[in-house]
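Please open the model in a viewer and keep the selection tool at hand.

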2 protein chains.
Amino acid sequence: MITSTANAKVKQLVQLQKKSRSRREQGVFIIEGSRMFSEAPRERIAEVYVSEGYYHEHGEAALNGLKTEVLADHVFSHVSDTKAPQGILCVVKMAESPSPALVSSRNPFLLILDHLQDPGNLGTIFRTAEAAGVTGIIMSRDCVDIYNPKVIRSTMGSIYRMPFVYTDDLEAESKRLKAAGVGIYAAQMEGKSSYDQEDYGKKTAFMLGNEGNGLRREIAELADTYIRIPMQGEVESLNVAVAGAVLMFEAARQRRRK
Amino acid sequence: MITSTANAKVKQLVQLQKKSRSRREQGVFIIEGSRMFSEAPRERIAEVYVSEGYYHEHGEAALNGLKTEVLADHVFSHVSDTKAPQGILCVVKMAESPSPALVSSRNPFLLILDHLQDPGNLGTIFRTAEAAGVTGIIMSRDCVDIYNPKVIRSTMGSIYRMPFVYTDDLEAESKRLKAAGVGIYAAQMEGKSSYDQEDYGKKTAFMLGNEGNGLRREIAELADTYIRIPMQGEVESLNVAVAGAVLMFEAARQRRRK
C-alpha cells in the first residue's frame, strides 16, 4: 500500500489529473468512479488504483482480476479530482480516431467544434451526441481537453464510445468533409434558414462555435449553409450544448423517418 | 465610500449572496455585472453598489441616475460571488408570478420542475425556455433557489422576464393545470410515446425531474402522457437541461407551423 503523497507514482497521477501536457506526452488519462471503471474497455486500462477503504469494502472481486495498487485513504483523496472520491481510479490509454474514419460510416453525422472552452459543455455535447446517433466529433486543437477530469465526468461514459479527433487544421478537415459529400451547417445568429427547414437525412455535419464569440469567421465560411434556431423573448443566444442538442435531435428525428 | 468588510451593509450583502433564507426573508436578491444591471427592470432595483475602480472608470453616467454606494475595491471583491468582479451589483426585488397567472396566457406552454438541484441546469432551463417561447415555469419548493448567484448568472437575464412560481404542493398545482385543460407530458425513460409524435400546439406542460432520480412517482402519475426521447448508443439518460431543450424546441417548432 502506498501511504505517502511523496510517492513517485502518486506524483505522476496528480500530474495526469492536472496537466493536459502530461496526459498527451504519456498518451493516457485518468477516470474515476465505479461506473466509469466498469464501462472502460478492458484493453485500454493501463493501471488501477483503489483507496484502502474501497479495498476493504469491495475486496478483489470488484476489480475483475486487474492488478491493482492500494492507496491510503488520504493519499487517494490527494490524487482524486472530486470532493467525495468513490475510491477507485484508473489510468486509461487514449484512443483518437484517425480522421478519415470519421467520414467512412455509412451515413456520416458529424460535429465540428471550434474553440469550445467550457468543460461541462464539451462533456454534455459528447453525451448528447452519442444519444442522438452522431458518428464522430472533430475538434479544433484549442478546444478544452476532452481528457480534463471535469469533461470526462460530464461525458457519462460517452468518451469511450464516441469517435473523435483533435485537429490543428479545422479548415483542411472541413474541406475534406465537403469533398466527401458532407453538407456542413453552421449555427449562426444571422443564419437565413431556420434549422428545421433543412434535410439532415444525408451526410451532415454541424459546426458549433466558442461560448462567447461563436464560430471564427474563417471556419464559418467553410459551411455550406448558415442555419439559425428561431428564438423568442430577448434571448441573444442559447448555451452551446443546448443549441447543439436542438440541432442533433432534429437530425435524429429526420433520420428516424427515412 | 465603504472601506471596511465589517460594515453592516456589507455584511448584509454577503448574507444575501450566501443564504437563500436571507433573500426570502427580505424579498430581494443580488445581481452582478453591467449586463444584468442594464437589463434589470428599474422599478425593481432597490440598491446599487459599485467598486471604487468601476466608479472612477465609468462615473455617474453608467448608473442611470440611481443612487449608488461606492465600495473600496477589496470590499467589493469580498461581497462579489465571482472571481473577477465587474464592479457593479444591485439588490433587486423578487417578483414571483401568482400561479393562476401562469395558465392565463392565450395558449399556455409551461414547465413543471420537480426537485432540480443543479444551479447551472436551472439557469440554462430558464434561458432556453424564454427562447423557446415558454410562458411560465412551476417549480417544487425543493428545487435549487432561482436567486442563487450561480443560477442567476446562467439565466443570462431570463430571470427578469420568465414568469415563474415556487410551490409547496406540485400535485395541487398540476391538478389545477389539468383542470384548465393543459396537457401534461412527463419525460420518462419508459415513456411509450416518442416525444415527436405528440401535438404540443395546444395547452402544454412538460414535467422534468431531478438530475439523479428523475420525477418522483407521485408527481409523474399526474401526467397525462409519458413521453421519451429516443436514444442511440449506451446513453442512459440526457442531461435535464438538454432533454428540456429538445422537448421545448420540438414544441416551438410545432407551434410555428400553426
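**From a helix end to the chain interface**

In this predicted model, begin by selecting Gly133(B), which follows α7(B) and has a positive phi, near 90°.

Next, select α7(B) itself. This helix has 14 residues and reaches 20 Å from its first C-alpha to its last, close to the 20 Å expected at 1.5 Å a residue. Of its 14 residues, 12 are buried, so α7(B) is largely enclosed by the rest of the structure. Among the buried residues are Leu122(B), Ile125(B) and Phe126(B), and also the charged side chains Arg127(B) and Glu130(B). To see what surrounds them, display α12 (240–256) of chain A together with β5 (109–113), β6 (136–140), α8 (149–155), α9 and α12 of chain B, against which the buried residues of α7(B) pack.

Now colour the two chains separately. In the interface, 27 residues of chain B are in contact with 27 residues of chain A. On the side of chain B that touches chain A, the elements giving two or more residues are α7 (119–132), α9 (158–161) and α12 (240–256) of chain B. By class, that side of chain B comprises 11 nonpolar, 9 polar and 7 charged residues.

Finally, select α12(A) and α12(B). Their axes are 9 Å apart and the helices pack at an angle of about 55°; they are therefore oblique to each other. The crossing of α12(A) past α12(B) is right-handed. Show the side chains of Ala241(A), Val242(A), Ala245(A), Val246(A) and Phe249(A), with Ala241(B), Val242(B), Ala245(B), Val246(B) and Phe249(B), which make the contact.

How values were computed. Residues are numbered from 1 along each chain as its sequence is written. Chains are lettered from A and ligands numbered from 1 in the order in which they are written. This is a predicted model: local features need pLDDT of at least 70, side-chain atom pairs count only at pLDDT 80 or more; totals for chains, interfaces and linings use all residues. Two residues are in contact if their C-beta atoms, placed from the backbone, lie within 7 Å. Helices (H or I, at least four residues) and strands (E, at least two) are DSSP runs, numbered from the N terminus. The expected span of a helix is 1.5 Å times one less than its number of residues. A residue is buried if 20 or more other C-beta atoms lie within 10 Å of its own, exposed if 12 or fewer, and partly exposed in between; C-beta atoms are placed from the backbone. Axes are lines fitted to C-alpha atoms, for helices over the stretch in contact, and angles run from 0 to 180 degrees between N-to-C directions. Angles under 35 degrees count as roughly parallel, over 145 as roughly antiparallel, 65 to 115 as roughly perpendicular and the rest as oblique. A crossing is left-handed if the near helix is turned anticlockwise from the far one by less than a right angle, and right-handed if clockwise.
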